[in-house]
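I am opening my notebook to look through this structure one step at a time.

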Amino acid sequence: MSKVERLADEELMPLIGAKDPDAFEVFYDRHGGVAYSLAYRIVGERGAAEDVTQEAFISIWRSGARYDAARGSVRTWMLGIVRNRAIDALRSKASGAPKLNFDDDSILEHKPAPERTESEALRRETAAEVRGALDELPGEQSKVIELAYFGGFSHSEIAGMLGVPLGTVKGRMRLGLEKIRGELAEGLT
Amino acid sequence: MNETGHVSHRDDLAAYLLGALEAGEVEALERHLAGCEECRTELEWLRPAVGVLPESVERVEPAPRLRQNLMEQVRAEADSASSSSTRERRWSLSGWSLRPLAGLAAVALVVAAVAAYAIGTNDSGGGGETTTVSSGRAPGVTAELVSEGESGTLHLAHLHQLPPDEVLQAWVERDGKVESAKTLFVPNQDGTASATIDDMNGVTTVMVTAEPRGGSAQPTSAPIASVSMKQ
């Protein structure tokens with residue numbers, strides 16, 4: 001294992017900001033898989049998922065110096081960028097509308113610092129455990145969460161699709177997230 | 001904020017974290033959050049529940065070409081940035097070192113130099129036309145704003161070419177708030193560029209940043225040029 005490979009994500013970011021391709025390569029090898037999987041889950045096509053992932057990582061390469069460790073984990077920041085770009089691609093494809101040009105930094109701006117211990121603990125959660133928490137949700141709650149997060153639909157769009165009042169959609173979202181939150185490690189509270 | 005309004009905003013927190021609120025609702029909620037500790041606390045408590053959603057996705061391995069393409073592009077840009085740094089060092093003046101800005105390649109070389117050097121306002125005579133010039137002490141970008149009536153034209157010179165996926169975007173500062181001048185442009189071959197600012201009323205500063213193609217809602221990088229208007 002090289003010296004760069006032993007660095008934590010937060011230590012890689014300044015190197016990426018200084019245009020160190022070796023640091024970026026380690027960063028991609030560490031997170032490229034989950035990033036691509038998330039993009040694929042949202043856009044549903046391998047080619048489009050590759051485009052989204054490539055755009056997101058190039059954006060990180062070019063703006064890595066803007067990452068602020070005090071505001072959350074690198075992984076959460078990166079996945080937020082991927083999710084926004086994937087939703088953007090999905091909407092553009094659906095409407096033929098121009099891209100929304102998400103400001104990647106706004107992902108940080110709108111997410112005040114979670115405790116560092118929290119983000120580290122979250123990374124220890126396995127995908128299976130999280131899927132389990134989602135599976136345990138009543139279908140009506142997991143559905144609105146998935147439509148919003150992975151489908152990019154607004155609550156009013158979801159209400160229209162499901163034929164339920166807006167307040168019901170909001171309530172299901174809230175109950176669902178509260179249950180997932182409750183299933184997370186007790187150490188996070 | 002009355003209790004009904006508070007409860008309404010609190011009920012929006014999950015939708016906000018899931019990105020499911022409309023733009024106007026986001027703004028309203030963020031205004032409420034700024035003054036409501038209870039909602040901020042609940043928001044931060046809920047946030048990890050959204051943070052783990054990507055981890056629930058079934059893993060799919062990307063094709064090896066993705067990594068290959070990425071690294072080819074990254075190494076090419078790293079080489080380019082390295083070349084730019086060499087040029088920059090050559091331009092450094094005594095007590096005025098220009099530092100490269102990540103991601104902006106060569107065009108970023110002149111950022112700091114120009115930003116602080118609004119020279120002033122000169123009446124150029126005739127037609128109420130006013131020219132405000134900014135210039136760095138180092139050989140770099142110069143910015144000139146010619147205002148006439150309520151509009152203005154920003155003229156930039158000595159710009160470096162942008163990466164193909166970036167454009168220049170003009171911004172104005174008015175009442176302490178920065179807003180887009182709704183003007184996107186790119187440098188000409190000779191390193192000059194011009195942009196029209198339609199509404200100069202109350203503008204105290206005109207700025208230019210490099211943004212992703214299509215522009216941004218808010219600046220995502222430091223200004224390449226900044227012209228202060230003498231009020």
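## Entry 1: chain A in outline

I started by looking up the secondary structure, and chain A has 10 helices and zero strands. Reading along the sequence, I wrote its pattern down as α-α-α-α-α-α-α-α-α-α. I am keeping in mind that this is a predicted model.

Next I looked up burial: of the 189 residues in chain A, 46% are buried. I also checked the contacts in chain A between residues at least 6 apart in sequence, and 64% of these join residues at least 24 apart.

## Entry 2: how confident is the prediction in chain A?

For chain A I noted a mean pLDDT of 80, with 75% of the residues reaching 70 or more. One stretch, residues 96–121 of chain A, has pLDDT below 50, and in the model this stretch has 51 contacts beyond near neighbours in sequence. A reminder to myself: where pLDDT is low, the predicted coordinates should not be read in detail.

## Entry 3: helices α2 and α3 of chain A

At what angle do helix α2 and helix α3 of chain A cross? I found that the axes of α2 (residues 21–43) and α3 (residues 46–63) cross at roughly 140° and come within 8 Å. Angles over 145 degrees would count as roughly antiparallel, so α2(A) and α3(A) are oblique to each other. I also noted that α2(A) passes α3(A) in a right-handed crossing.

Then I listed who makes the contact. From α2(A) I wrote down A:Phe24, A:Tyr28, A:Gly32, A:Ala35, A:Tyr36, A:Ala39, A:Tyr40 and A:Val43. From α3(A) the list is A:Arg46, A:Ala48, A:Ala49, A:Val52, A:Thr53, A:Ala56, A:Phe57 and A:Trp61. By class, the residues of this contact between α2(A) and α3(A) are 13 nonpolar, two polar and one charged.

## Entry 4: helices α8 and α10 of chain A

My next pair was helix α8 (residues 139–149) and helix α10 (residues 166–183) of chain A, whose axes come within 8 Å and cross at roughly 100°. That angle makes α8(A) roughly perpendicular to α10(A).

On the α8(A) side, the contact is made by A:Glu140, A:Gln141, A:Ser142, A:Val144, A:Ile145 and A:Ala148. On the α10(A) side, I listed A:Val169, A:Arg172, A:Met173, A:Leu175, A:Gly176 and A:Leu177. The contact of α8(A) with α10(A) has seven nonpolar, three polar and two charged residues.

Which residues of α8(A) are buried? I noted A:Gln141, A:Val144, A:Ile145, A:Leu147, A:Ala148 and A:Tyr149. Their cover includes α9 (155–162) and α10 of chain A, together with α2 and α4 (37–51) of chain B.

I then stepped into the segment after α10 of chain A, where A:Leu184 lies. Is A:Leu184 buried or exposed? The cut-off for buried is 20 or more other C-beta atoms within 10 Å, and A:Leu184 has 20 such neighbours, so A:Leu184 counts as buried.

## Entry 5: where chain A touches chain B

I counted 58 residues of chain A in contact with 49 residues of chain B. The largest share of the chain A side comes from α2(A), with 12 residues. By class, the side of chain A that touches chain B divides into 28 nonpolar, 14 polar and 16 charged residues.

## Entry 6: a look at chain B

Chain B comes to six helices and nine strands. Of its 231 residues, 38% are buried. Among contacts in chain B between residues at least 6 apart in sequence, I noted that 55% join residues at least 24 apart.

I picked out B:Glu25, which lies in helix α3 (residues 23–35) of chain B. B:Glu25 has 17 C-beta neighbours inside 10 Å, so it counts as partly exposed. From B:Glu25 to B:Asp12 is 13 residues in sequence and 8.5 Å in space, C-alpha to C-alpha.

Last, I looked up confidence: the mean pLDDT of chain B is 72, and 70% of its residues reach 70 or more. Confidence in chain B is highest in helix α2 (residues 13–17), at a mean of 94, and lowest in strand β1 (residues 118–123), at 35. Over residues 86–129 of chain B the pLDDT is below 50, and this stretch has 100 contacts in the model beyond near neighbours in sequence.

How values were computed. Residues are numbered from 1 along each chain as its sequence is written. Chains are lettered from A and ligands numbered from 1 in the order in which they are written. This is a predicted model: local features need pLDDT of at least 70, side-chain atom pairs count only at pLDDT 80 or more; totals for chains, interfaces and linings use all residues. pLDDT is the predictor's confidence in each residue, from 0 to 100. Two residues are in contact if their C-beta atoms, placed from the backbone, lie within 7 Å. Axes are lines fitted to C-alpha atoms, for helices over the stretch in contact, and angles run from 0 to 180 degrees between N-to-C directions. Helices (H or I, at least four residues) and strands (E, at least two) are DSSP runs, numbered from the N terminus. Angles under 35 degrees count as roughly parallel, over 145 as roughly antiparallel, 65 to 115 as roughly perpendicular and the rest as oblique. A crossing is left-handed if the near helix is turned anticlockwise from the far one by less than a right angle, and right-handed if clockwise. Ala, Val, Leu, Ile, Met, Phe, Trp, Tyr, Cys and Pro count as nonpolar, Asp, Glu, Lys and Arg as charged, and the others, Gly among them, as polar. A residue is buried if 20 or more other C-beta atoms lie within 10 Å of its own, exposed if 12 or fewer, and partly exposed in between; C-beta atoms are placed from the backbone.
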